[in-house]
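Dear colleague,

I am passing on the structure below, together with some notes on what I found in it. Please keep it open beside this message as you read.

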Amino acid sequence: MLSMLVRLYLTVAGLLLCSILVVQQVFPYLFPDQYSASARHEFVGELTLLRDRLHGASGAQLSLRLAQLNRETPGRYSLVPADELAALPARVRADLQTGGTSSDHVSSEHHHIYLRLGGGEVVEIGYVENDFPIRYIAYLTVFAMVLLGLMIWLQPHWRDLERLRETAAQFGDGDLGARARLRGGSSIRQLCAYFNNMADQIGRLIQSQRDMVNAASHELRTPITRLEFGLANLADTLDDRVARARVHALRCDVEELDLLVGELLTLGMLERNGATPTLEPVQLAAFLRASTGVSAEELRIRSTNIEWAISPALDEIDVEPRSLRRAFSNLMRNAVRYADHTIRVSAEVDGEDWLLVVEDDGVGIPPEDRRRVFEPFYRLDRSRDRATGGFGLGLSIVRQVVDRHGGQIHVDASPLGGARFVARLPRLPGLWPGRHRAEDEDLDELDHSFHIQ
């Protein structure tokens with residue numbers, strides 16, 4: 001907003017300055033007759049007295065009288081030689097011939113007035129407008145008044161635009177209930193109405209989508225649980241090895257479906273406009289080791305080793321344990337899925353923040369895909385198979401949790417050869433300021449989905 005005011009003021013001041021310069025420098029040449037008549041009118045008294053004083057004088061006597069006059073006003077009066085008289089503009093010579101007086105503007109400050117005497121001699125009155133400091137003080141005063149007028153005129157518009165900008169920022173940050181409230185006489189009232197109408201429609205669309213996904217996910221939980229229970233009972237009653245293998249494959253499919261439902265519920269909870277997270281101090285090293293979400297048996301089967309490097313300066317840190325546990329688990333499961341043999345987890349202090357880094361020695365992520373891996377349901381082509389699994393929601397949940405903690409996350413290449421996820425988190429995060437507390441079942445759902453997976 002301030003830059004807009006500065007640009008507007010500079011534009012108005014520049015146009016005003018150009019107008020003044022055009023009037024001063026160009027107009028005397030565009031309207032010479034009018035300026036000449038105005039100058040003669042201003043000097044009519046002095047010209048009359050000068051004509052009376054020099055009447056009848058010629059030659060040396062004329063020069064003597066002009067010298068006497070110049071003692072009082074040095075350099076003001078001079079006799080125009082014949083060659084200079086012939087070089088004067090035709091308009092000036094014509095005025096002298098018809099009216100006996102004329103004027104010529106050398107510049108905006110330097111002017112010449114000519115008087116033709118009875119003997120044909122021409123006397124020149126030269127004067128300079130020596131008002132330099134006062135003139136430019138006047139210009140500065142004009143520009144200051146223009147600035148003051150613009151500020152007075154723009155103040156209500158500025159205030160209304162600032163309110164609309166703050167509302168747009170709140171809406172963009174996820175507060176779907178944010179609406180612009182302006183005074184009745186605001187000049188942008190119509191724009192505000194259009195914005196509020198747009199926000200209403202977007203809010204309804206997003207909320208209906210979230211409600212549908214959450215409702216469908218909740219409703220799927222019951223039949224999925226029944227399928228798991230029925231398949232478990234069926235596997236216990238079968239003796240045929242082939243049939244038991246088929247039932248086991250079906251149970252794996254149901255577990256994948258349950259995993260997808262859990263991630264959808266978690267993502268919906270994190271995107272909901274309500275939760276005000278509660279910070280709790282945790283022993284970071286022990287907390288991370290207990291939150292991998294990966295069993296020792298799975299690591300043994302995959303021949304994967306985890307290297308830990310937790311800075312002692314981060315012995316105790318304030319976080320929201322439940323959501324951060326889920327995010328770290330997703331990062332670890334992603335690393336286990338693609339690592340060849342090694343996963344490295346490190347945490348260190350970086351100024352007022354702390355960095356949580358998870359990297360592996362796998363194939364890595366191409367540079368063109370690194371920005372999109374945090375989008376919901378986005379998966380790399382090589383991950384679209386049963387061997388690696390995944391639904392494209394795990395990293396999206398990670399980003400939501402990091403945003404929830406007031407941090408940032410990005411991915412780049414690891415010295416180990418694979419992907420390197422770096423989450424920057426404030427040590428004293430301001431978590432989702434201004435939000436209202438959600439119902440406790442949201443966090444219970446997060447815990448439930450985490451433990452199931």
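Among the contacts with a separation of 6 or more, 66% are between residues 24 or more positions apart.

The sheet that holds the opening pair

Four strands, in the order β1-β4-β3-β2, form an open sheet with antiparallel pairing, and β1 (77-79) and β2 (101-105) are its edge strands, each of them pairing on one side only. From one strand to the next the twist averages 25°. Going across the sheet, β1 pairs with β4 (residues 122-128) over 3 bridges, and within that pairing tyrosine 77 stands opposite isoleucine 125 of β4. Between β3 and β4 there are 7 bridges, and there histidine 111 has tyrosine 127 in β4 as its bridge partner. The hairpin of β3 and β4 has 5 residues between the strands, and glycine 120 takes a positive phi near 95° in it. Finally, β2 and β3 are joined by 5 bridges, and β3 is mostly covered, with 5 of its 7 residues buried.

Helix α7 (residues 90-98) lies across β2, β3 and β4, and runs at about 160° to β2.

In soluble globular proteins, nonpolar side chains tend to be buried together. In this model the largest nonpolar core has 39 residues, and those with the most contacts inside it are Met332, Ile343, Val345, Trp354, Val358 and Phe421. The elements that give two or more residues to this core include α11 (284-289), β7 (316-319), β8 (342-350), β9 (353-360), α14 (394-404) and β11 (419-426), while α13 gives the most, with 7 residues. Tryptophan 354 shows how far apart in sequence the partners of one residue can be: beyond its neighbours up to four places away, the residues that it touches include Leu284, Leu314, Ile317, Val319, Ala347, Val349, Ala423, Leu425 and Pro426. There is also a second, separate core of 15 residues, which includes Phe43, Leu47, Ala57 and Val123.

Where to read with care

The mean pLDDT of the chain is 78, and 79% of the residues reach 70 or more. Over residues 383-388, however, the pLDDT is below 50, although this stretch has 9 contacts in the model beyond near neighbours in sequence. Residues 431-453 likewise stay under 50, and for them the model has 59 contacts beyond four places in sequence. Where pLDDT is low, the predicted coordinates should not be read in detail, so I have left the contacts of those stretches without further comment.

With best wishes

Notes:
Residues numbered from 1 in each chain as written. Predicted model: local features only at pLDDT ≥ 70, side-chain atom pairs only at ≥ 80, totals over all residues. Heavy atoms only, no water. Core = buried A, V, L, I, M, F, W, Y, C linked by side-chain atoms within 4.5 Å. Buried < 20%, exposed > 50% of the residue type's maximum accessible area, 1.4 Å probe, protein only. Contact = heavy atoms within 4.5 Å. Pairing = 2+ DSSP bridges. Axes fitted to C-alpha atoms, helices over the stretch in contact; angles between N-to-C directions. pLDDT = per-residue confidence, 0-100.
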